[in-house]
Amino acid sequence: MNFTNPDYNHFLLDNGVFGWVYKILTPIEWLMSEIMYWFHKLMTLIGLPSRGLSWILAIVFLVLVVHAIILPMYIKQMKAMARMQALQPKMMHIQKKYKGKTDQASKEAMSRETMKLYQDNKVNPMGSCLPMVIQGPVFMCMFYMLSAIPYIAHGSRGTLGAFDKATASEFADTYLFGLKISNTFGMANASGKVVIGIFTVLMCLAMWYMQFNNMRKNLPPAQMEGSQYKMQQAMTWVFPLMYIFSAISMPFAVLVYWLTNNICNMLRSLWQVREFPTPGSRADDEKKKRDHINENKRREKTGQISLEEEALQKAQEEAKFREEHGFQREQPKRKRKKKK
């Protein structure tokens, strides 16, 4: 692929396996193009120029729409993960029970007990993967649509949803920080390369901090050791570095989308660690302290005693009870059966 002088007569993503995959995803691409188009129309109605910031905001708005659609599923995922984490001791008990047993009957019994545990607690291990399953095709469609626009503007590719040749030309001629949003790193001038470099660094930082914060605060101490933990630590650096190589080949418009998406993911992850922490983690301890303080504030507003005062009152009542009835535990009395 020639990044400095692309052949606008040959759109790679419309050929071979790529072409087949993106053909299947056409309805999503069409919907995304319509969302961007109509939001751009709205921006021009309030006075923004048709070429420029209105198209940048249209990309940002599309990211926000996608995240708003996924949010309910994401919350459901967090709750499912919390239930799964709560089941870990029971899961470990089952695994320990059948450890070292390789016969077919033991494998089937272990599978049966595991499934029963999931069913009794209404947990689906695959449910936590749903938001990721949705986000993957959405990102692919966004990449395809933004990559196809220069070819539509050139006239070598047909209309895609709301992007006909005129609309695509308008989009492709949009500039941000002096850089054409349809340009790749290889096509940009020196200042444009700096802009792309800054966007790439910000993308990497957002992703790195999301993973770093998750490992630092949301892992129980038992999981913060061993080879698996070291592997997780290494991946916090590997994934952001992969962005650098990907960012070189993508149009600047995709990087605008990608940076916005990474910032949204980071904010969502910070909220997840705060509100749905892993049991036993540092974030879990902080949440318990925060809940304790908030409960005391709520009680203070309604004129109730604080949690500490309630615990003290309970301890005093128990001490008084022991003084009045002695320290010996009262034995339970057996009920006499009525004579017939």
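A disulfide is defined here as a pair of cysteine sulfur atoms within 2.5 Å. By that criterion, a search of the whole structure returns zero disulfides. The structure is a predicted model, in which local features require pLDDT of at least 70, side-chain atom pairs count only at pLDDT 80 or more, and totals for chains, interfaces and linings use all residues. Residues are numbered from 1 along each chain as its sequence is written, and side-chain values use heavy atoms, with hydrogens and water left out.

**Figure 1. Overall organisation of the protein chain.** The secondary structure amounts to 12 helices and two strands; helices (H or I, at least four residues) and strands (E, at least two) are DSSP runs, numbered from the N terminus. Read from the N terminus, the elements follow the order α-α-α-α-α-α-α-β-β-α-α-α-α-α. Of the 340 residues, 37% count as buried, where buried means under 20% relative accessible area, exposed over 50%, and partly exposed in between (1.4 Å probe, protein chains only). The chain exposes about 21,700 Å², of which carbon and sulfur atoms supply 62%; accessible areas come from the Shrake-Rupley method with a 1.4 Å probe, and for residues only the protein chains shown count as cover. Among contacts (heavy atoms within 4.5 Å) with a separation of 6 or more, 68% are between residues 24 or more positions apart.

Figure 2. Cys141 counts as buried because its relative accessibility is 0%. Cys204 is likewise classed as buried, at 12% relative accessibility.

**Figure 3. The largest nonpolar core.** A nonpolar core is a set of buried Ala, Val, Leu, Ile, Met, Phe, Trp, Tyr and Cys residues joined through side-chain atoms within 4.5 Å. The largest such core has 55 residues, and those with the most contacts inside it are Met36, Met142, Leu146, Phe171 and Phe252. Two or more residues come from each of α2 (26-45), α3 (53-86), α6 (130-154), α7 (165-172), α8 (190-218), α9 (227-249) and α10 (252-275). Helix α6 gives the most to this core, with 12 residues. Leaving aside neighbours within four places in sequence, Met142 is in contact with Met32, Met36, Ile59, Leu62 and Tyr257. Another core, of eight residues, lies apart from this one and includes Leu87, Met91, Tyr98 and Val123. In soluble globular proteins, nonpolar side chains tend to be buried together.

**Figure 4. A nonpolar patch on the surface.** Val194, Ile198, Val201, Leu202 and Leu205 form this patch, with about 430 Å² of accessible area together. Patches are made of residues with over 30% relative accessible area and no salt bridge; like charges are joined within 9 Å and nonpolar side chains (Val, Leu, Ile, Met, Phe, Trp, Tyr) within 5 Å. Leu205 is located in helix α8 and is partly exposed, at 47% relative accessibility.

**Figure 5. Surroundings of Trp271.** Trp271 is located in helix α10 and counts as partly exposed at 32% relative accessibility. Not counting residues up to four places away in sequence, Trp271 touches Tyr74, Ile75 and Phe276.

Figure 6. Phe177 lies in the loop between β1 (175-176) and β2 (179-180). Although Phe177 is not a glycine, it has a positive phi of about 55 degrees. Phe177 is exposed, with a relative accessible area of 60%. Asp173 forms a salt bridge with Lys180, the closest N and O atoms being 3.6 Å apart; a salt bridge is a side-chain nitrogen of Lys or Arg within 4 Å of a carboxyl oxygen of Asp or Glu. Both partners are partly exposed, Asp173 at 33% relative accessibility and Lys180 at 23%.

**Figure 7. Salt bridges in helix α11.** The structure holds 12 salt bridges. One of them joins the side chains of Asp284 and Lys288 (3.4 Å, N to O). These two residues are separated by about one helical turn because they are four residues apart in helix α11 (residues 282-301). Asp284 is buried, at 12% relative accessibility, whereas Lys288 is exposed, at 53%. A salt bridge also links Lys287 to Asp291 (3.0 Å, N to O), and about one helical turn again separates the partners, since Lys287 and Asp291 are four residues apart in α11. Lys287 is buried at 18% relative accessibility, and Asp291 is partly exposed at 38%. Salt bridges with shared partners also join Glu295, Arg298, Arg299 and Glu310 into one network.
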